[in-house]
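Please look over the sequence and the model shown here before reading on. The report that follows takes up the fold, the sheet, the disulfides and the salt bridges in turn.

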Amino acid sequence: MKWSWESHMITRQVKMADARKFCFPSLFVLFSAIILSNAAPVPLVIWHGMGDSCCNPISMGSIKNLIEKQVPGIYVRSLMIGNNVFEDTLNGFFMNANKQIEMACQKIASDPKLRYGYNSIGFSQGGQFLRAVAQRCPYPPMFNLVSIGGQHEGVYGFPRCPGENSTLCDIVRKFLDYGVYLDFVQNTIVQAEYWHDPIKEAEYIAKSVFLADINNARSQKNMTYRTNLMRLKNFVMVKFLRDTMVDPKDSEWFGYYIPGQAKNTYKLQDGKLYKQDWLGLQVMDKLGKLHFLSSDSDHLQFNEVWFVQNIVNKFLK
């Protein structure tokens, strides 16, 4: 092949363009970290669970106040999906999860106090929702993701409801019984969107509009999800050892029922998601980015001392 200066310059320009594409995300995260290290504490985004709201004084409000007390000067953004607390609570049951993720991404991106990056804590279903934010919306960057009781492989049961939302839960339960993988139910009932039937694994993969997608369970893999999740500095998962709400509780550590039955479970490291590394969890695990914490209590039942020692002091300061 004849060498020419022109072809040399074109090749060099292409390589430089590729290098810029490769380096920009890393440099953005690096510069963000430098800026934040010399300024106020890293901001925090929190997302509540089913039946709760952004600003409930005895739940998210209390958590927000505790964190602000422990980390002076920190900015805490508690996500509200809707125009008010009532809508926020209702949307936790009846707004398509993908739409919620889209709204959350817009709120985070438009908040000037989060523009250099942030940490995040998701409670119950807020855990898998914030993971979806990390996978789908990498800018501004999420540094640490803490999932407290999040159901990352889904649920196979709807045993009871938190708080005083028994009426809403009864409605959801009827729809789930009616047909959890019907298009209408999948696009209307939030809990149906992370319902994972281990006996109907193929139907789950084909018809789940949210969880099967963010877990890269389908044959067509979204490698951007893998790339974005691996940018996390730490991914912390909290499992409640006496959980009576999440079925199975192993889902809180990315474990689940062995397909074909609903009795025996496997742990993350024994599943296809990890072995084939569809989300980069195996690489993250080997790099020490995955943290498996536990609380010897029921769902979301932890005290301030445990929260400060295990979450605030280790991942927010």
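Is K239 buried or exposed? K239 is buried, with a relative accessible area of 12%, where buried means under 20% relative accessible area, exposed means over 50%, and partly exposed lies in between (1.4 Å probe, protein chains only).

## Basis of the model

The model is predicted, and local features therefore need pLDDT of at least 70, while side-chain atom pairs count only at pLDDT 80 or more and totals for chains, interfaces and linings use all residues. Residues are numbered from 1 along each chain as its sequence is written, and side-chain values use heavy atoms, with hydrogens and water left out.

## The chain as a whole

The protein chain has 13 helices and eight strands, taken as DSSP runs numbered from the N terminus (helices are H or I with at least four residues, strands are E with at least two). Of the 317 residues in the protein chain, 50% are buried. The accessible surface of the protein chain comes to about 15200 Å², as computed by the Shrake-Rupley method with a 1.4 Å probe, with only the protein chains shown counting as cover for residues; carbon and sulfur atoms hold 57% of this surface.

Contact means heavy atoms within 4.5 Å. Among the contacts in the protein chain with a separation of 6 or more, 70% are between residues 24 or more positions apart.

## The sheet and the helices on it

Six strands form an open sheet in the order β2-β1-β3-β4-β5-β8, with parallel pairing; two strands pair if DSSP finds at least two bridges between them. Strands β2 (76–78) and β8 (290–295) stand at the edges, each with a single partner strand, so one side of each has no neighbour in the sheet. On average, neighbouring strands of this sheet are turned by 15° against each other, direction ignored. Within the sheet, five bridges join β3 (residues 118–123) to β4 (residues 142–148), and these two strands run parallel; Y118 has M142 as its bridge partner in β4.

Helix α2 (residues 60–70) packs on the sheet, where it touches β1 (44–47), β2 and β3, and its direction makes about 170° with that of β2. Such angles run from 0 to 180 degrees between N-to-C directions, with axes fitted as lines to C-alpha atoms, for helices over the stretch in contact. Helix α5 (residues 125–136) lies across β1, β3, β4 and β5 (234–240), running at about 145° to β3.

## A buried asparagine

N91 lies in helix α3 (residues 85–94), and at 14% relative accessibility N91 counts as buried. Leaving aside residues up to four places away in sequence, N91 touches I81, G82, Q100 and V190.

## Two disulfides

The structure holds two disulfides, a disulfide being a pair of cysteine sulfur atoms within 2.5 Å. One of them joins C54 to C55, with an S to S distance of 2.4 Å, and the torsion about its S-S bond is about -85°, so this disulfide is left-handed. C54 counts as buried at 3% relative accessibility, whereas C55 counts as partly exposed at 43%.

A disulfide also joins C105 to C137, with an S to S distance of 2.0 Å; here the torsion about the S-S bond is about 95°, so the disulfide is right-handed. C105 lies in helix α4 (residues 97–109) and C137 in the loop between α5 and β4, so the pair ties together parts that are 32 residues apart in sequence. C105 is buried, with a relative accessible area of 10%, and C137 counts as partly exposed at 21%.

## Salt bridges

Side chains of opposite charge can pair when their charged atoms come close. A search of the whole structure finds seven salt bridges, each defined by a side-chain nitrogen of Lys or Arg within 4 Å of a carboxyl oxygen of Asp or Glu. One of them is between D213 and R136 (2.8 Å, N to O), and this pair links distant parts of the chain, with D213 in helix α9 (residues 211–214) and R136 in helix α5, 77 residues apart. D213 counts as partly exposed at 22% relative accessibility, and R136 counts as partly exposed at 25%.

The side chains of K239 and D250 also meet in a salt bridge (3.9 Å, N to O), which links K239 in strand β5 to D250 in the loop between β5 and β6 (256–257), 11 residues apart. R242 forms a salt bridge with D296, the closest N and O atoms being 3.0 Å apart. R242 lies in the loop between β5 and β6 and D296 in the loop between β8 and α13 (304–316), 54 residues apart, and both R242 and D296 are exposed.
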